Amino acid sequence: MTEARRPLLRPGLLIGLILFAVAVATAIIAPPLVADAANTLTDNRHQPPSGGSWLGTNAFGQDNVARVLVATRLTLIMTVIASAISVVLGVVVGVSIWLAPGRVREWCLRILESAVAYPTLITALIIAAVLLPGATTAVIAMGVAGIPGFARVTANLAQQVSNSDYFITARFLGVPARRLATRHMIPAMAEPLLILSTTVFATTLVEISALSFVGLGVQVPQYDLGSLLNDSLDALYTQPIEAVGPAIMIVLMSVAAMFVGDGLAANANPRAARAWVPRRPQAQAAAALATGDEALVRVRDLRVAGSKDGERLELVHGIDLHIDRAEILGIVGESGSGKSLTAMSIAGLAADDLDVQGAELRVGTMNMLGTPAPAELAQTISIIYQDPGTTFSPSLKMGAQLTEVLRTHMGRGRAEARRIMVGALASVGVTLPEKRMRQYPYELSGGMRQRAMIASAVVTEPALMIADEPTTALDVTVQVDVLRQFRRLRDENGTAILFISHDIGVVQELCDRVLVMRRGEVVEELRPEQIRSREVSHPYTRSLLDAVPVLSAAGAAHVREED
Amino acid sequence: MTLVNSAATQVPHRVSFKAPNRLVHHPWARFALRRGGGFLLSFAILVVVTFLIVPLLPGDPAVVAAGEGATQEQIAQTREALGLEQPLLVQFWQYLVGIFTLDMGYSFASGTTVTAAVFSRLPFTAEIALLAVAAMLVVSIPLGMGVAIVTRGGRNAWVDHVFNALTSLVYAVPNYVLATLMIYVLAIRLGWFPAGGAATLDALVLPTVAIMLGPACVIARVVRREAVTILEQDYVRTARGWRLSPWRVNLRYVFPNLLTTTLTLSGLILAGMLGGAVVIETVFGWPGLGKGVVDAIIMRDYPVIRGIVLLLGVLATLLIIVVDVILAIVDPRNLGGSAHD
């Protein structure tokens with residue numbers, strides 16, 4: 001059920017607005033009606049709840065419900081004014097900073113940064129200390145304390161706006177700074193600022209009540225929700241019901257502000273909520289393992305589907321393929337052709353939100369549609385990824401990551417695993433292997449990282465290696481060398497390789513057989529000689545061939561070190 | 001292992017260029033310079049602001065500070081104690097010297113030195129704030145990570161909804177309302193914990209929980225969002241490709257990479273907790289800096305107000321720096337500009 005139109009008011013926003021309306025209505029209507037019951041001293045002290053007074057009476061015989069209703073007005077007024085001070089002056093300061101010349105701006109931002117780190121409540125305390133406690137002081141204190149925070153978010157937003165094309169254009173056209181701010185910048189920031197204002201409102205409400213609660217806000221004989229809660233604290237042993245009213249009212253308004261803020265944010269940024277698609281039970285194809293099949297990998301009718309806007313969207317439409325032992329199979333196609341999805345499905349590593357089905361998906365003796373043993377998987381299939389910049393965790397040293405399989409699945413000790421890995425690194429041309437093991441990934445060049453990846457893939461002597469665009473992110477000179485490593489791996493270890501690439505030139509050099517994929521289907525199967533002599537039949541393959549210059553003969557001199 | 005053992009491909013390598021090892025070029029030195037400068041700036045602002053508290057008092061500061069109903073003699077004493085008879089710049093100089101010699105005068109209320117009054121309260125606030133942060137991290141990191149892992153790829157959507165609703169709701173309840181509720185239920189009705197004071201160790205529990213629960217919700221949500229991003233990273237796929245157990249993947253490959261964001265925010269939140277401490281310490285009668293500053297404001301004890309506000313400010317600023325240092329140790333790239341690229 002894709003919805004083209006979204007409701008004007010989301011449920012959360014509606015609830016928030018209703019709660020908020022209730023609080024405002026209370027603040028307007030209630031005080032005149034119940035002022036007597038709230039403020040008149042009577043002898044009915046500490047009465048338990050009754051039909052007349054739902055929450056009983058306080059130490060002065062005043063009705064607790066009536067007092068909460070009256071206090072709501074003062075709290076609301078104080079909160080609104082203080083929030084307005086924070087927001088308006090925050091926007092003014094934030095925009096001014098952004099329009100200021102470079103140096104001034106830098107300094108102002110730094111000062112703002114340290115001001116924001118300073119707890120607002122303590123800033124408010126400083127102001128309360130100067131102006132002496134009271135309702136007006138509380139408003140000014142909270143209002144001023146909120147300025148730096150709002151100024152900073154405004155400055156951040158202003159930066160985004162000022163990077164936008166139309167703003168740069170306006171600036172080039174010589175629009176004066178003030179006009180730039182009022183006509184271009186502020187309108188562009190209006191919606192996020194409105195959303196942030198609800199946060200300011202909630203924070204101010206909570207903290208202004210906190211000021212009164214600790215005795216530094218509203219003073220007797222005035223009272224707001226915070227001071228009522230403070231009064232109730234003294235009576236907590238004898239008349240605990242007194243705390244209920246102010247507590248509920250504060251939470252109610254705070255929740256209302258939260259709902260309104262979240263609702264507005266959701267309206268402003270209607271990220272299509274990720275639809276929840278129940279996963280289908282995976283087809284159990286174990287029984288379908290063909291006997292006497294010589295191929296290492298056998299794929300029949302592989303279908304991979306994701307979901308978009310809550311609907312199933314098939315991305316790979318029933319692929320058949322096989323890879324023999326010690327064979328290098330290439331798959332070429334443009335991005336989005338489904339070649340990587342196919343490879344990752346064979347590896348059993350399709351993303352969580354994808355649904356993989358098929359009549360058969362077998363690697364060696366393992367049914368990849370089921371759940372093969374991790375140790376066997378790790379030793380049978382090695383995978384090399386496209387971007388060596390992101391394939392290693394930035395917070396672990398290379399050595400720790402490269403020896404994972406050796407230690408976890410092959411029962412090697414730490415020292416032995418390191419020794420084996422150092423040898424493997426050296427064999428694929430990684431310089432200073434001992435040192436590399438102690439380095440973090442970001443300390444290595446892309447080529448070094450990819451060689452390291454290959455080394456880690458090699459040490460398990462896998463039956464199948466899946467290489468997903470392993471050379472795309474590398475310099476051309478490094479590419480040649482990496483490709484040579486693959487060839488050697490096959491020649492010397494008898495490893496079968498599934499080589500994914502969008503570069504038909506690279507594939508024809510390396511592969512024994514090439515599949516051309518397009519839009520989730522295999523459109524053509526070729527021998528490298530056919531590619532070389534351009535004996536291709538499918539127009540898509542022809543266009544791929546036309547897109548790349550013919551690669552000169554292999555065996556070119558390699559440049560080993562690129563950094 | 002034929003391929004591994006053939007070392008034929010070894011080739012001599014070029015020596016990579018290294019920046020001259022001058023002090024300012026060392027990443028830690030530059031880091032210290034930048035952070036030290038930032039700290040000095042914040043400190044200067046704090047000194048000026050706390051100094052201004054007294055001169056800015058409305059009307060005659062001495063009259064205000066002496067309190068209502070003070071005699072002429074008391075007002076004169078106050079004037080002298082605050083050095084108000086001298087020119088503003090001289091006052092400021094004396095204030096500045098006082099800070100660096102840790103001689104900031106005497107408390108009006110108790111007669112002890114300001115330094116003693118302030119530093120005797122520091123351990124109590126430190127205790128509660130550090131405990132709260134530890135508890136917050138222990139609760140929120142596993143919670144946020146757990147929810148991210150359980151719901152990834154759109155599974156178990158209900159967990160997500162429950163988590164969002166719960167964290168929003170708990171966050172919307174102010175800590176002092178929560179504290180009031182806990183005092184009533186856990187201290188008065190059930191008698192499990194003392195309702196206030198700092199006499200026994202278990203008196204720590206309620207204030208700590210009251211302070212950390214709200215921030216824990218924020219951090220849990222941050223951790224969840226961050227974990228969702230990290231779970232989609234290539235290196236997590238690599239680790240899964242090595243067929244490591246989910247536990248090992250999450251602990252070694254997801255968790256450490258969460259720390260940068262989480263710790264950055266936790267530092268800010270710890271600074272914010274100093275504000276929370278003001279309220280919570282007052283509720284529970286906890287003899288820390290927060291209660292100290294509130295009492296001092298009510299009693300117009302200006303030397304103590306200045307002392308505590310200054311200390312709280314320095315603490316807040318130092319916390320941010322400490323977090324930056326921890327981040328730089330966890331991941332040297334956070335030093336800003338590494339020597340390697």
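Predicted model: local features only at pLDDT ≥ 70, side-chain atom pairs only at ≥ 80, totals over all residues.
1. A residue counts as buried if 20 or more other C-beta atoms lie within 10 Å of its own, as exposed if 12 or fewer do, and as partly exposed in between, with C-beta atoms placed from the backbone. Helices (H or I, at least four residues) and strands (E, at least two) are DSSP runs, numbered from the N terminus.

2. Residues are numbered from 1 along each chain as its sequence is written, while chains are lettered from A and ligands numbered from 1 in the order in which they are written.

3. On one side, β10(A) pairs in the parallel sense with strand β3 of chain A, residues 328-332, over four bridges, and here G330(A) stands opposite V514(A) in β10(A). Two strands are taken to pair if DSSP finds at least two bridges between them. β10(A) also pairs with β11(A), in the antiparallel sense and over five bridges, with V516(A) standing opposite E524(A) in β11(A). β10(A) and β11(A) form a hairpin with two residues between them, and R519(A) in the turn has a positive phi of about 50°.

4. These strands belong to an open sheet of six strands in chain A, which follow the order β7-β8-β9-β3-β10-β11 with mixed pairing. β7 (381-384) and β11 (521-526) of chain A stand at the edges with a single partner strand each, so one side of each is left without a neighbour in the sheet. Neighbouring strands of this sheet are turned by 20° against each other on average, direction ignored.

5. Elsewhere in the sheet, strand β8 (residues 464-468) of chain A runs parallel to strand β9 (residues 496-501) of chain A, and five bridges join the two; the bridge partner of L464(A) in β9(A) is A496(A). Helix α17(A) lies across β7 and β8 of chain A and runs at about 175° to β7(A). For such angles, axes are lines fitted to C-alpha atoms, for helices over the stretch in contact, and the values run from 0 to 180 degrees between N-to-C directions.

6. Chain A is assigned two domains, domain 1 (11-45 + 52-267) and domain 2 (287-396 + 444-559), with bounds that come from an automatic or database domain assignment. Taken over C-alpha atoms, the centres of these two domains of chain A are separated by 58 Å. E443(A) is found in the loop between α16 (433-437) and α17 (446-458) of chain A, and this residue is partly exposed, with 19 other C-beta atoms within 10 Å. E443(A) and I248(A) are 195 residues apart in sequence and, C-alpha to C-alpha, 56 Å apart in space.

7. Chain B has 13 helices and zero strands, and buried residues make up 39% of its 341 residues. The domain assignment divides chain B into domain 1 (23-120 + 301-341) and domain 2 (122-287), whose C-alpha centres lie 31 Å apart. The contact between them takes 14 residues from domain 1 of chain B and nine residues from domain 2 of chain B, two residues being in contact if their C-beta atoms, placed from the backbone, lie within 7 Å.

8. Within chain B, helix α6 (residues 114-150) packs against helix α13 (residues 302-330) at an angle of about 45°, with their axes 9 Å apart. That angle makes α6(B) oblique to α13(B), since angles under 35 degrees count as roughly parallel, over 145 as roughly antiparallel, 65 to 115 as roughly perpendicular and the rest as oblique. The residues that make the contact include V114(B) and L122(B) of α6(B) and P303(B) and L311(B) of α13(B).

9. The two chains also meet, with 74 residues of chain B in contact with 78 residues of chain A. On the side of chain B that touches chain A, α11(B) gives the most, with 13 residues.
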